[in-house]
Amino acid sequence: MYFKTGVILASFALTYVLLVFFATAWWQALPLAVVLALATVAIGFNVMHDANHEAYSDRPWVNQAMAMSLDLVGGSSYFWRWKHNVFHHTFVNVIGYDTDINLAGLGRLTPHHPRAWIHRWQHLYCWLLYGVMVIKWHLFDDFRLAVTAQMGGHRFPRPRGAQWVALFAGKVVFLTLAFAIPLALHPLWVVAGIYAVVASTTGIMLAVVFQLAHCVEEAGFPLDDGAGRMEKPWAVHQVETSVDFARHSRLACWLLGGLNFQIEHHLFSRICHVNYPAIAPIVEQTCREFGVSYHYNPTFAAALRSHYRWLRALGRGDAIALPS
Ligand SMILES: [Zn+2]
C-alpha cells in the first residue's frame, strides 16, 4: 500500500508540474490532462477510499492523513464519510438514502425512480453527465452541504472545530492548485478548458467504476419499510446489491483499489483492498452454501455492457425482473 501510494502520488505531482509549468502546446497539455485525471482517480480508488474506511493502516493518524488526499483533489473527506460510509454503505441501492443512485432526475438508475421522456436516451448521455458530476462536486456540492447539513433529505452533523479547519484548508489547497497557480501562468480560457478536461475525465472514470458494481442488471434494488429498516439482514443486502467484476485482471486489481471486489468491500470495508482477491473465493463459496445470490461479471467490458443495458432498459421503461 505504501509503495502503491508513493507511485500514485508521485505520478500526480509530476504530471501536475509538467502540465502547469512546462506544457506549451495543446498536444502536450491534453495528454497530460488525461494522465492527471487518471492519477486523481487512482488516488480516489486506492488511497482515500481505504483511508476513509480506516482500512489503509492500523494507525488512526495514518488513516486520517491519507483520507485528506481526497481534499487535495477537490472533495471533502468529512462529507465523503457521511455520503459514502454511512448513506451508501448502509443503504446500498435504496432510494431516499443512497445518493449514488440519485442523478437529480436527469438519469434513472433504479426501477423505483419515475421515468421521464429524457431517460429514453440516458444510455447515450449518462456518460457525459458523469463527467459533469465532478465539476459540480468541486464547485458546488461541498459548499451546499456545509450550509445545509442535509444529504438526500437526511440531516447529518456539521463539521466541528478541527474538522472545519481541515475542510477549509482542503478547499484552499485544491482551489490554489486547480485555479490560482495555473491562472498566474496561463490565460483564463486555457485554465478553464484544461480544468474541464481533467475534471470531466475524472468524473467519467470515477462514476463508471462505481456504477459497474451497483448499477448493473445483476444488482438488486430493495426498498426500505419507510422507516429505514430493510427486510433482509445486513450482510445479505450488501451481497445482493453489489456485483464484482474483472476479478482475475491484475491491472484492474492494482488500479481500481478493490472496487472491482465490491461484494467483499461491502462486507469487510475495514479490511485493506489488497486482501480482497484472496477473500473473494471464500465469500463466494459461503454465499453459495447459504443460498445467497453472488454475482460477478468476468471482465471490465462485460460489466460495462451490463451497465449500458441497464441504463437502456430503465430509460425505455422495459419491464424489469429484479433478482430476488
Ligand atoms: Zn466504500
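Guide: Rings of Phe, Tyr and Trp, the last taken by its six-membered ring, are treated as a pair if their centres lie within 6.5 Å. The model is a predicted one, and by this rule the count comes to 15 aromatic pairs. A pair of aromatic rings is described by the distance of the centres and the angle of the planes.

One of these pairs joins Phe79 and Phe156: the centres are 5.8 Å apart and the planes make an angle of 80°. Planes over 60 degrees apart count as edge-to-face, and the pair of Phe79 with Phe156 is accordingly edge-to-face. Phe79 belongs to helix α5, residues 77-90, while Phe156 is in the loop between β2 (154-155) and α7, so the pair ties together parts that are 77 residues apart in sequence. Both Phe79 and Phe156 are buried. Ring pairs also link Phe79 and Phe156 with Tyr78, Trp82 and Phe87 into a cluster.

A further edge-to-face pair is formed by Trp117 and Trp121, with 6.3 Å between the centres and 75° between the planes. Here the surroundings may be stated residue by residue. Trp117 has a relative accessibility of 67% and therefore counts as exposed. Trp121, with a relative accessible area of 44%, is partly exposed.

Aromatic rings also meet charged groups. The charged end of Lys4 sits over the ring of Trp254, at 5.2 Å from the ring centre. Lys171 lies over the face of Phe143, and the distance to the ring centre is 5.5 Å.

Two packed helices are described by the angle between their axes and the distance between the axes. For α1 (residues 2-22) and α7 (residues 162-185), the axes come within 9 Å and cross at roughly 30°. Angles under 35 degrees count as roughly parallel, and α1 and α7 are therefore roughly parallel to each other. From α1, the residues Tyr16, Val20 and Phe21 meet Thr176, Leu177, Ile181, Pro182 and Leu185 of α7. By class, this contact has 7 nonpolar residues, 1 polar residue and no charged residues.

Asn93 is found in the loop between α5 and α6 (122-148). With a relative accessible area of 1%, Asn93 is buried.

Technical notes:
Residues are numbered from 1 along each chain as its sequence is written. This is a predicted model: local features need pLDDT of at least 70, side-chain atom pairs count only at pLDDT 80 or more; totals for chains, interfaces and linings use all residues. Side-chain values use heavy atoms; hydrogens and water are left out. Axes are lines fitted to C-alpha atoms, for helices over the stretch in contact, and angles run from 0 to 180 degrees between N-to-C directions. Helices (H or I, at least four residues) and strands (E, at least two) are DSSP runs, numbered from the N terminus. Angles under 35 degrees count as roughly parallel, over 145 as roughly antiparallel, 65 to 115 as roughly perpendicular and the rest as oblique. Contact means heavy atoms within 4.5 Å. Ala, Val, Leu, Ile, Met, Phe, Trp, Tyr, Cys and Pro count as nonpolar, Asp, Glu, Lys and Arg as charged, and the others, Gly among them, as polar. Rings of Phe, Tyr and Trp (its six-membered ring) pair if their centres lie within 6.5 Å; planes under 30 degrees apart count as stacked, over 60 as edge-to-face and the rest as tilted. Buried means under 20% relative accessible area, exposed over 50%, partly exposed in between (1.4 Å probe, protein chains only). A charge sits over a ring if NZ of Lys or CZ of Arg is within 6 Å of the ring centre and within 35 degrees of the ring normal.
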